[in-house]
Amino acid sequence: MCKKILILVLCLPLVLMIRLVRPFFKVQFCEIRSDRIGHFSIDAIFKIFFPRSSKKQKLFYYFSHHVSNYQWEKMIKRTVKIYKFTRALAWANKKIP
């Protein structure tokens, strides 16, 4: 419980800043579900290689908690930057109304 509150407090300034620039520049957090190999491969292919993004949009990718295939993880990381802190930002963004 204390860990979640600490994460929320640390992520609050970044989430508020992202929400302030939303009318001008869209930031989206995209989870690549990596706990099952079927979801892992299909999610990665569709979200990374066929993104629905524009010039005024930035996509931040992150893996779900458990990675089922470490070789596929390495291959995805070669193509796209994966940030661990993005999972915390996405969680904080969902919790703040």
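**Charged and aromatic contacts**

Modeller: Glu73 has a relative accessible area of 14% and is therefore buried. Its partner in a salt bridge is Lys77, with 3.3 Å between the closest N and O atoms. Lys77, at 42% relative accessibility, counts as partly exposed. Both residues belong to helix H3, where they are four residues apart, or about one turn of the helix. The model is a predicted one, and among the elements of the chain helix H3 (residues 70-79) has the highest mean pLDDT, 89.

The count of salt bridges in the structure is two. The other contact to be described joins the side chains of Arg33 and Asp35, at 3.0 Å from N to O. Here Asp35 is partly exposed, at 33% relative accessible area, and Arg33 is likewise partly exposed, at 29%.

Turning to the rings, the whole structure holds four aromatic pairs. In one of them the centres of Phe29 and Phe60 are 6.4 Å apart and the planes meet at 35°, so this pair is tilted. Because Phe29 lies in strand S1 (residues 26-32) and Phe60 in strand S2 (residues 57-63), the contact ties together parts that are 31 residues apart in sequence. Phe29 counts as buried, with 17% relative accessibility. Another pair, Phe40 with Phe63, is edge-to-face, with 5.5 Å between the centres and 90° between the planes. This pair also links distant parts of the chain, since Phe40 is in helix H2 (residues 37-49) and Phe63 is in strand S2, 23 residues apart. Phe40 and Phe63 are both buried.

Together with Ile42, Phe46, Phe49 and Phe50, Ile45 makes a nonpolar surface patch of about 500 Å².

As to confidence, the mean pLDDT of the protein chain is 85, and 98% of its residues reach 70 or more. Among the elements, helix H2 has the lowest mean pLDDT, at 82. Where pLDDT is low, predicted coordinates should not be read in detail.

Note on methods:
Residues numbered from 1 in each chain as written. Predicted model: local features only at pLDDT ≥ 70, side-chain atom pairs only at ≥ 80, totals over all residues. Heavy atoms only, no water. Phe/Tyr/Trp six-rings, centres within 6.5 Å; stacked < 30°, edge-to-face > 60°. Helix = DSSP H or I, 4+ residues; strand = E, 2+ residues; numbered from the N terminus. Buried < 20%, exposed > 50% of the residue type's maximum accessible area, 1.4 Å probe, protein only. pLDDT = per-residue confidence, 0-100. Patch = residues over 30% accessible without salt bridge, like charges linked within 9 Å, V, L, I, M, F, W, Y side chains within 5 Å. Areas by Shrake-Rupley, 256 points an atom, 1.4 Å probe, with all protein chains shown as cover. Salt bridge = Lys/Arg side-chain N within 4 Å of Asp/Glu carboxyl O.
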